[in-house]
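Please examine the sequence and the three-dimensional structure shown below, and keep both in view while reading the explanation that follows.

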Amino acid sequence: MASFLKQLKDLLTAAGCNFHRDGKGDHEIWYSPITKRYFTVDRGTKSRHTANETLKQAGLPKAF
């Protein structure tokens, strides 16, 4: 099964979001200038639903 992580990070970076710090386990904490909030990104994102939910938290539209 393909991972959505690279595409997800590319979309987040293009929208101005940036990596803030490592989180617990295989998670990263990112910051969105759109929502002005921090959100988690799972390094093991294999589900398009999880990838789309991450985009939603960042204030971006679905892409997968």
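The face of helix H2 that is turned away from its buried side carries the exposed residues His49 and Lys56. Here, exposed denotes over 50% relative accessible area, buried under 20%, and partly exposed the range in between, computed with a 1.4 Å probe on protein chains only. Helices (H or I, at least four residues) and strands (E, at least two) are DSSP runs, numbered from the N terminus. The model is predicted: local features need pLDDT of at least 70, side-chain atom pairs count only at pLDDT 80 or more, and totals for chains, interfaces and linings use all residues. Residues are numbered from 1 along each chain as its sequence is written, and side-chain values use heavy atoms, with hydrogens and water left out.

The buried residues of H2, which spans residues 48–57, are Ala51, Asn52, Thr54 and Leu55. Seen down the axis of H2, these buried residues fall within an arc of 155°, so they line one face of the helix; the arc is that of the directions from the helix axis to the C-beta atoms. The buried residues of H2 pack against helix H1 (5–14) and strand S3 (37–42).

The two ends of H2 also deserve attention. At its start, a side-chain oxygen of serine 47 reaches to within 3.1 Å of the backbone nitrogen of histidine 49. Just after H2, glycine 59 takes a positive phi of about 85°.

Leaving aside neighbours within four places in sequence, leucine 55 is in contact (heavy atoms within 4.5 Å) with Leu8, Leu11, Leu12, Leu60, Pro61, Lys62, Ala63 and Phe64. Leu55 also belongs to the largest nonpolar core, which has ten residues in all, among them Leu5, Cys17, Trp30 and Phe39. A nonpolar core is a set of buried Ala, Val, Leu, Ile, Met, Phe, Trp, Tyr and Cys residues joined through side-chain atoms within 4.5 Å. H1 and S3 are the elements that give two or more residues to this core, and the largest share, three residues, comes from H1.

Threonine 45 lies in the loop between S3 and H2. With a relative accessible area of 1%, threonine 45 is buried. Its side chain reaches the backbone oxygen of aspartate 42 at 2.5 Å. Apart from neighbours within four places in sequence, threonine 45 is in contact with Ser3, Phe4, Leu5, Leu8, Thr50 and Ala51. In the loop between S2 and S3 one finds lysine 36, which counts as exposed at 62% relative accessibility.

How many aromatic pairs does the structure hold? There are three; rings of Phe, Tyr and Trp (its six-membered ring) pair if their centres lie within 6.5 Å, and planes under 30 degrees apart count as stacked, over 60 as edge-to-face and the rest as tilted. Phenylalanine 19 and tryptophan 30 form an edge-to-face pair, with 6.4 Å from centre to centre and 85° between the planes. This pair links distant parts of the chain, since phenylalanine 19 is in strand S1 (residues 18–22) and tryptophan 30 is in strand S2 (residues 27–32), eleven residues apart. Phenylalanine 19 is partly exposed at 40% relative accessibility, whereas tryptophan 30 is buried at 5%.

Methods. A polar contact is a pair of N or O atoms within 3.5 Å; within protein, one must be able to donate a hydrogen and the other to accept it, and residues adjacent in sequence count only if both atoms are side-chain atoms.
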